[in-house]
Amino acid sequence: MNIFKSITIAGLAASLLLAAPHSKKDENFKQVVQTGKKSSKLLLQTLGKNMKRNMKAGGPMKALDFCSQEAYTLTQKVNKKLPKGVNVKRISMKYRNPANKPEADEAVVLEALKQLKSANVILPKQIVQKVDGNTYKYYKPLVIHKKVCLKCHGDITDVELRRAIEARYPTDKATHYKMGDLRGAIVVTIKK
Ligand code: HEC
């Protein structure tokens with residue numbers, strides 16, 4: 001029975017592959033996903049690499065300096081490298097920097113992701129939102145899966161670090177996260 005089942009499933013998968021997108025609409029969608037993937041990866045890698053370097057060089061206090069002084073400018077630098085009409089940023093419902101507050105349509109997606117997460121759904125790698133005829137938003141959900149994130153976004157035990165964060169971000173909402181929590185998303189806006 002199991003063998004038959006897997007053969008049927010394999011057959012189904014093959015026919016789905018054969019029926020791969022051909023229309024212009026599907027082509028558009030494919031391009032949006034490709035651009036979104038590339039752009040979000042570039043931002044994540046750039047921020048991740050620099051964060052690691054600073055953490056190694058001077059621990060969380062130095063890494064905090066990096067995050068608060070350079071995360072934004074580095075994001076702008078990444079944006080300069082992207083094709084015209086493409087923009088990448090980070091958002092969160094519980095944001096630290098008010099500049100990362102989601103727009104209304106983005107908040108709807110984050111809320112939906114949060115609901116899915118609380119129903120134990122394994123989140124998709126990406127979600128695409130059609131904003132209007134020419135604009136798409138590609139979302140990559142960000143889940144806390146590294147302990148190091150909790151140093152600055154968990155229950156912060158290092159008093160010096162906590163004070164430094166409070167001093168820089170008096171309206172900080174981005175603490176008390178736990179491993180596996182949804183932290184936010186990377187959004188790539190793609191205008192054609
Ligand atoms: C050394 C402290 C530190 C560590 C470690 C750290 N962050 Fe942050 N994080 C910050 C600061 C500071 C900001 C605000 C940056 C700014 O001003 O743009 C921030 C902002 C963010 C944002 C943007 C939304 C917001 O709240 O403003 C996301 C998403 C994020 N961090 C995720 C993570 C993840 C995931 C990890 C682990 C891989 C992590 N952070 C590790 C300090 C840290």
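Trainee: What makes the shell around the ligand come out as 13 nonpolar, four polar and four charged residues?

Mentor: That follows from the class lists: Ala, Val, Leu, Ile, Met, Phe, Trp, Tyr, Cys and Pro count as nonpolar, Asp, Glu, Lys and Arg as charged, and the others, Gly among them, as polar. Sorted that way, the shell has 13 nonpolar, four polar and four charged residues. Bear in mind that this is a predicted model, where local features need pLDDT of at least 70, side-chain atom pairs count only at pLDDT 80 or more, and totals for chains, interfaces and linings use all residues. Residues are numbered from 1 along each chain as its sequence is written, and side-chain values use heavy atoms, with hydrogens and water left out.

Trainee: Which residues come nearest to the ligand?

Mentor: Arg96, Cys149, Cys152, His153 and Arg183, out of 21 residues around the ligand. A residue is near a molecule if one of its heavy atoms lies within 4 Å of it.

Trainee: Why is His153 called buried?

Mentor: Buried means under 20% relative accessible area, exposed over 50%, and partly exposed in between, with a 1.4 Å probe and protein chains only. His153 has 17%, so it is buried. It belongs to helix 4, and its side chain reaches the backbone oxygen of Ala174 at 3.0 Å.

Trainee: What else is His153 in contact with, beyond four places in sequence?

Mentor: Contact means heavy atoms within 4.5 Å. On that basis the partners of His153 are Arg96, Ile144, Ala174, Thr175, His176, Tyr177 and Arg183.

Trainee: And Arg90, why is that one partly exposed?

Mentor: Its relative accessible area is 34%, so Arg90 is partly exposed. Arg90 lies in strand 1 (residues 86-91). Setting aside residues up to four places away in sequence, Arg90 touches Leu43, Leu47, Ala71, Asn100, Ala185 and Ile186.

Trainee: Why does Asn28 get the label partly exposed?

Mentor: Asn28 has a relative accessible area of 22%, so the label is partly exposed. Asn28 is part of helix 2 and touches Tyr136 and Lys192, not counting residues up to four places away in sequence. Asn28 and Lys192 are 164 residues apart in sequence, yet 9.7 Å apart in space, C-alpha to C-alpha.

Trainee: How many helices and strands does the chain have?

Mentor: Five helices and four strands, running α-α-β-α-β-β-α-α-β from the N terminus on. Of the 192 residues, 32% count as buried.

Methods:
Helices (H or I, at least four residues) and strands (E, at least two) are DSSP runs, numbered from the N terminus. A polar contact is a pair of N or O atoms within 3.5 Å; within protein, one must be able to donate a hydrogen and the other to accept it, and residues adjacent in sequence count only if both atoms are side-chain atoms.
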